[in-house]
Amino acid sequence: LRNYLLSLGDVNSLLNKYQNAKEYHIKVELDNFEPLELNVNKKSNDTCNFYIKDFKYPNPLIYPDNLTYLNADRDRIRPINPLVKDLSVRYFQVDGRLITSYFFLHRDDSVKEYLIQDTSSYTLETQVNYWLKEITSISTIDFKTQEITPNQVKGFYDIDGLEFSPENVGAGVSYLISILVACLSAKKGNIIIIENPEIHLHPKSQARLGKFFAFIASKGIQIIIETHNDHIINKIR
């Protein structure tokens, strides 16, 4: 998350401007280790000082494999996408840029039995495309991938047996793919956090996305969404 956190700006951007706070303290307590303390001070010359006090945790903190976070500024499916062949964990970057790579590598993996809707095949590819059709109301659409170089994978849509570039299909469909892959590759006990899942979708598709979230949540996968969209909220209700 480091690059994402850095994009939030410096301390002057984050401190409460109305309360005129001069400093704050963050303390993280870990079992069997000295606590991590972060002290932030806003000095008179309007510069900020960060320091960590007595941090003795011996191992680097890693992105937990039971958590998926997709932020609002996430990447859409591109015609040419990075291919990371050692992508074994469900880490897609917070902007989802590795979704296409993960889908390519794991499209033939079996989805958990409690997430199966299309019984013709239990693969991730089949289940993603089932919900892609269900949510978009396009009965002949399939998302497909193809390796073109050792470091690149092609993403495209098959509609009516014809190949379409993601650039020539609604942007909302590309954003939807990230959500479908993240949710359908999960398992019970996972946590999925998504900002603005409804981006660029038709209201009918937004409502059906709410149905999808309700289905996923009913299987023991925790969904946390940030949205202003009444179609999603009403459908979940």
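**View 1. Contacts of Ser-178 beyond its sequence neighbours.** Once neighbours within four places in sequence are set aside, Ser-178 is in contact with Leu-70, Asp-75 and Ile-99, where contact means heavy atoms within 4.5 Å. The structure is a predicted model, in which local features need pLDDT of at least 70, side-chain atom pairs count only at pLDDT 80 or more, and totals for chains, interfaces and linings use all residues. Residues are numbered from 1 along each chain as its sequence is written, and side-chain values use heavy atoms, with hydrogens and water left out. Ser-178 lies in helix H5, residues 171-184; helices (H or I, at least four residues) and strands (E, at least two) are DSSP runs numbered from the N terminus. Ser-178 has a relative accessible area of 1% and is therefore buried (under 20% relative accessible area, with exposed being over 50% and partly exposed in between; 1.4 Å probe, protein chains only).

**View 2. The open sheet E4-E9-E10.** Three strands form an open sheet in the order E4-E9-E10, with parallel pairing. Strand E4 (67-70) and strand E10 (222-226) stand at the edges with a single partner strand each, so one side of each has no neighbour in the sheet. On average, neighbouring strands of this sheet are turned by 10° against each other, direction ignored. Two strands count as paired if DSSP finds at least two bridges between them. Strand E9 (residues 191-195) is joined to E10 by five bridges, and the two run parallel. Glu-195 stands opposite Glu-226 in E10.

**View 3. Helix H5 against the sheet.** H5 packs on the sheet and touches E4, E9 and E10. The direction of H5 makes about 170° with that of E4; axes are lines fitted to C-alpha atoms, for helices over the stretch in contact, and angles run from 0 to 180 degrees between N-to-C directions.

View 4. A cavity is a set of points, on a 1 Å grid over the protein atoms alone, where a 1.4 Å probe fits but cannot get out. The largest cavity has a volume of about 40 Å³, a volume being the space filled by probe spheres set on the points, which are joined across faces, edges and corners. Among the residues lining the largest cavity are Asp-75, Ile-99 and Ser-178, together with Arg-76, Asn-81 and Arg-97; lining residues have an atom within 4 Å of a point.

How values were computed:
On a 1 Å grid over the protein atoms alone, a cavity is a set of points where a 1.4 Å probe fits but cannot get out, and a pocket is an open set with protein on both sides within 12 Å along at least five of seven lines; lining residues have an atom within 4 Å of a point.
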